[in-house]
Amino acid sequence: MSWKKLNCQPHDLQLLATLSGGQSFRWTHNTETDEWTGIFSKTIWKLKQGDNCLLYQVLGSLLNFPENNGSNNKKTNFKKLLENYLRLDYDLKELYKDWSNKDELFKSAGQQFYGVRMLRQEPVENLFSFICSQNNHISRISSMVEKLCTNYGEEICKHENTVHYSFPDIEKLECPKVETQLRNLGFGYRAKFIQKSASQIVEWGGAKWFDGLQNMKYKDAKCELMKLHGIGPKVADCICLMSLNHLEALPVDTHVYQIAAQNYLPHLRGKKNVTEKMYTEIGDHFRTLYGDMAGWAHTILFCSDLKKFQLGDNSQVNECSKPKRKRKK
C-alpha cells in the first residue's frame, strides 16, 4: 500500500507527544519503523513523518460502505478527515509564538515539545475513554478502551493478524447488562459509570446531545457533562477540551497542580488535595495567562512534566533539556 502525503512540516506536528501524551488511547508506535497505527472515525490509519510532509495510509474503514455514508457515489475524503483530526487549520507557529511571549516557562517547554497538536476527537469515544481514565494509568486505560471496542464495536478489518474494531455507538453501552459484563472484564466501578452515562445520553438525544454542548458556552457545557453519572470536573474538562472545541477548558490533575504551585501560584504549594476552589483558581490563572486556547497551551506544559518524555530515549523530545522549575522555598 502506497503512502499519501499531507502538507505538514515536521516542526508543525510532533507525532510522539501528540499521539501518546494522554489525549487518545488507540495509537501504537512501531519504534523500528517509526510508524504510528491508530483508529478514529471507524477507520484504521498509519502515520509517519516525512522530510517535509506527513505520510499516511488508510488500512481499512467502515466509512466507504453505502449504509454508512448514505450514497453509493459518495466517497470519504480521508485527507480532510485527517486534517480535521489533527487541527491542521490552526497555525501552530503563531500560537506557540503568542504563548511564548506571555510565559517564559512555556517558551522553554515549547522548544522541546514543539508541534503538539490538540486532537479533534469524537465526543462519544472521548467521553467513555476518560471515564476509563479515572484513577488509572495509560496502558490500562488503553486496554479498557480496546475491550469496549472488541466487545461492543464493529469489526473494521483484519490487519497484520489483528482484528480491529471501531469504538461502539452509545446505544451499545446503555443496556443494563453492560455493567455486569464490564465488571467481568475488569472495569471495576467504572462499569457502572459507563452504563449509566450511556443510558442518560441516549435518553437526552444520543449523539445529537453532544452537538448542543459544542454550541454552548464552555462553562455551561461543563455543567451539563457533570450531570452524567461519574463525571467530575477534570473528566468534564477533558471532554470539553478534546472533543467539544472548548479550547479554554483546562483539566487540572496532579501534574498540572504541581506545575501551577511550583511556578505560578506559590501559595498552593504543599496541599494534599486539589479542592474545588483550587481547581477553579488554577484553571482561571492559565486562562488569564494564555487566553481562549489555554487548554491547548497547558497541554504542552503537561507533556513536559510526564516522566515518559524525560527518559531521553527519543530524539523528538530530547532536543533540549527539560524546562527548569522553580525550587520550593
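Student: Which helix gives the largest share of the lining of the second largest pocket?
Tutor: Helix 10 does, with five residues. Helices (H or I, at least four residues) and strands (E, at least two) are DSSP runs, numbered from the N terminus. The model is predicted: local features need pLDDT of at least 70 and side-chain atom pairs pLDDT 80 or more, while totals for chains, interfaces and linings use all residues. Residues are numbered from 1 along each chain as its sequence is written, and side-chain values use heavy atoms, with hydrogens and water left out.

Student: Which other elements supply at least two residues of that lining?
Tutor: Besides helix 10 (207-215), they are strand 3 (35-40), helix 3 (78-85) and helix 6 (123-132).

Student: How is a pocket told from a cavity?
Tutor: On a 1 Å grid over the protein atoms alone, a cavity is a set of points where a 1.4 Å probe fits but cannot get out; a pocket is an open set with protein on both sides within 12 Å along at least five of seven lines. Lining residues have an atom within 4 Å of a point. Ser41, Gln121, Glu122, Pro123 and Val124 are the closest to its centre among 29 lining residues.

Student: What volume does the largest pocket have, and what lines it?
Tutor: Its volume is about 1,000 Å³. There are 43 lining residues, and Lys234, Cys238, Pro251, Val252 and Asp253 are the closest to the centre. Elements that give two or more residues to this lining include helix 7 (138-152), helix 12 (233-243) and helix 14 (276-290).

Student: How do the residues of this lining divide by class?
Tutor: Into 18 nonpolar, 15 polar and ten charged. Ala, Val, Leu, Ile, Met, Phe, Trp, Tyr, Cys and Pro count as nonpolar, Asp, Glu, Lys and Arg as charged, and the others, Gly among them, as polar. The second largest pocket has twelve nonpolar, seven polar and ten charged lining residues.

Student: How many cavities of 30 Å³ or more are there?
Tutor: One. The largest cavity has a volume of about 40 Å³, and its lining is Ser24, Phe40, Tyr85, Gln121, Glu122, Glu125 and Asn126.

Student: In which sense do strand 6 and strand 7 pair?
Tutor: Strands pair if DSSP finds at least two bridges between them. Strand 6 (residues 155-159) and strand 7 (residues 162-165) are antiparallel, with four bridges, and Glu155 stands opposite Tyr165 in strand 7. These two strands form a hairpin with two residues between them, and Glu160 in the turn has a positive phi of about 50°.

Methods. Grid points are joined across faces, edges and corners, and a volume is the space filled by probe spheres set on the points.
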